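Please open the model in your viewer, with residue selection and contact display at hand. The tour below moves from one selection to the next and says what is found at each stop.

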Amino acid sequence: MNIITANNIHYRIKDKEILKNLSFAIPKGSITSIIGMNGSGKTTLLKLLCGIIKPTKGEIAIDNKAVKDYSIKERSQKISIVFQSVDTDFDFSVEQIVLMGRMPYQTLLSSDKTEDFEICKQSMSATGTWHLRNRLINSLSGGEKQRVFIARALCSQTDIIMLDEPVANLDTKHQIEIMKLLRQIQKENNSTILIVLHDLSLAKKFSDYVLALKDGQMRFFDKQENVLTNENIKSLFEINAKIVENNNVIIAE
Amino acid sequence: MTKHKTKDFLYYTLLAVVVSLLAFVGIRFGSVDISSMTDADKYILYSIRIPRVLMCIIAGSTLAVCGCAYQAVFKNPLSDPYILGVSSGASLGASLAIILGLDSLLLGVTLPSFAVALLTVFVIMKLSQVGSRMHTTTLLLAGISMNFLISAIVSVIMFIDKEDMHKIYFWTMGSLSGVRYSDVVTTFVFSFIGIAFVWIYAKRLNALLLGDMQATSLGIDVEKTKKSVLIVSTLMTAAVVSCTGVIGFVGLVVPHIVRLLVGADNRRIIPFSIFGGAMFMLCADILARNVITSSELPIGSITSLVGAPFFIYLLYNAKKKLHF
Ligand SMILES: Nc1ncnc2c1ncn2[C@@H]1O[C@H](COP(=O)(O)OP(=O)(O)O)[C@@H](O)[C@H]1O
Ligand SMILES: [Mg+2]
């Protein structure tokens, strides 16, 4: 079953065509990597899919209902997002940040209930951030921060989680840790995960589907093994690459 | 957060006691000793000191909460209605109302004051919205330029209308002398509604501090939230300024100290700032009236004497963090 469908979507700002003619359907309970060079439109695509911006043309549907027909609140109960970097001048504790993930279910006047704390605790345990709960967000390392924001996304209990370059500033060990965590989340909750990645070996190892963008156009969308081939990578990134099949590592030459 | 609730209630009670004590000191001591309770003393007590102390509490709490609100909307711990020129805007509105003779009408000063304050905040918003994130420097420069512009206009007005000069001067300095019960009541109504409104939005303000997109993804209508909180707190600021003139730095100093003590959660910062603001203003007022026996210092100069060095210190810290 497909949970996200995009039908011929376009996005332009003024005269600049940023995304052109994208159509795809993402199956429920899968991990899809979005790859492409800087400026190819990956972040814009995520924003469109979660309804923060509206396509100039075309239709996006989540669970067979047009994104534009969801209220902001309904949408927030369906999709949670982890952004590239969240910096704030204000010293929230880790627990406060994760608890904010319950906001989609709360009204203006309701306070955090026992249930909210319970879900918050579960999300933090699942992401290995429970021991950090009283730390200030700005005192954490990049990897810890990213795990906290993934905990926040989990705490929203949404079917879909989107992540924009969540591992961009992490070392290899922590990159793999985060990717393993995402796979585990996907398995346990049957979540649908969309993730913008630069590292093609991570994309190969950890995703079911790959959506490749170039200059605002969708060049490929298919099962990982069909997209990440030597020829495709060459045409996408204008580099030579070699895939070492047994351990899925891609080496640029 | 739930786990704080019982403990916080205790703190609030304690703070309420401190505020009451300071209010008592404010009523009891001043340039005239009223301990013998002659008719003249009674007049001073009921018609001058009590309304004045009440206004002090209302103004302090309101300005402190407005500071919290501005800081959340602009995502910047250095913003507040005074720094951004909104208070001056309100005082300009009040001055215009005076020279146009509107001050005898009901809300004849408050409404023009609100209108100009709102215009100021609108310009600040536009100026600082260059790019997606608002930088401290842009925001502060916008505030400084608005303050320059407004004080230039006020000087021109004072020059043209020499008769009302002292009245207008009063608005630029901030003073609690001559506060009447009617002022107390009007300001209280505006402030009570305004503070309640901002407090209800506290949880959303928390989310705003993580960024607009993050807040949107948590189900918040960011534009609507920002606009309504900003309009309401500007209205409160104008209500206070049109009675007391410009009293600076309360909205900067108080939330900042509260934040150091209770953390970043606006649901706790706002109630603590209500008490903190009242305490700060009461102390400033007691100083303003008792430091020199011959006359009274403008309260605005006292708060600025404390607030300006504090601001410089914050700026220094921010600079260290950003290396600019
Ligand atoms: N608000 C905007 N105004 C103008 N151009 C934009 C805006 N947002 C994105 N773009 C342009 O759209 C293109 C795609 O951007 P983006 O989606 O951020 O790419 P990616 O995330 O793949 O690096 C870039 O060329 C960028 O300059
Ligand atoms: Mg991007």
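In α7(B), the residues B:Asp183, B:Val184, B:Thr187, B:Ser191, B:Gly194, B:Ile195 and B:Val198 are buried, where buried means under 20% relative accessible area, exposed over 50% and partly exposed in between, with a 1.4 Å probe and protein chains only. They lie on the same side of α7(B) because they cover an arc of only 120° around the axis, the arc being that of the directions from the helix axis to the C-beta atoms. An α-helix has 3.6 residues a turn, so residues three or four places apart point the same way.

This is a predicted model, in which local features need pLDDT of at least 70 and side-chain atom pairs count only at pLDDT 80 or more, while totals for chains, interfaces and linings use all residues. Residues are numbered from 1 along each chain as its sequence is written, chains are lettered from A and ligands numbered from 1 in the order in which they are written, and side-chain values use heavy atoms, with hydrogens and water left out.

Now select the whole of α7 in chain B, residues 181-200: its 20 residues reach 28 Å from the first C-alpha to the last, close to the 28 Å expected at 1.5 Å a residue, the expected span being 1.5 Å times one less than the number of residues. Helices (H or I, at least four residues) and strands (E, at least two) are DSSP runs, numbered from the N terminus. On the face turned away from the buried side, look for the exposed residues B:Val185, B:Phe192 and B:Ile193. The buried residues of α7(B) pack against α2 (39-73), α8 (202-208), α10 (222-244) and α12 (266-290) of chain B, with contact meaning heavy atoms within 4.5 Å.

**Second stop: a proline in α2**

Select B:Pro51, which is found in helix α2 of chain B and is buried, with a relative accessible area of 0%. Leaving aside neighbours within four places in sequence, B:Pro51 is in contact with B:Leu45, B:Tyr46, B:Val179, B:Arg180, B:Tyr181 and B:Val184; of these, B:Val184 is also one of the buried residues of α7(B).

Which residues of α4(B) are buried? They are B:Thr110, B:Ser113, B:Phe114, B:Val116, B:Ala117, B:Thr120, B:Val121, B:Ile124, B:Met125 and B:Ser128, and what covers them includes α2, α3, α5, α7 and α10 of chain B.

From α4(B), B:Thr120, B:Val123, B:Ile124, B:Leu127 and B:Ser128 meet B:Thr138, B:Leu139, B:Ala142, B:Gly143, B:Met146 and B:Ile150 in α5(B).

Select B:Asn76, in the loop between α2 and α3 (86-99) of chain B; B:Asn76 is buried, with a relative accessible area of 1%. Not counting residues up to four places away in sequence, B:Asn76 touches A:Phe90, B:Gln71, B:His135, B:Thr136 and B:Leu139.

**Last stop: chain A**

Finish at A:Tyr70, in the loop between β5 (65-66) and α2 (72-78) of chain A, which is buried, with a relative accessible area of 11%. A:Tyr70 touches A:Ile62, A:Asp63, A:Lys65, A:Arg75 and A:Lys78, not counting residues up to four places away in sequence.
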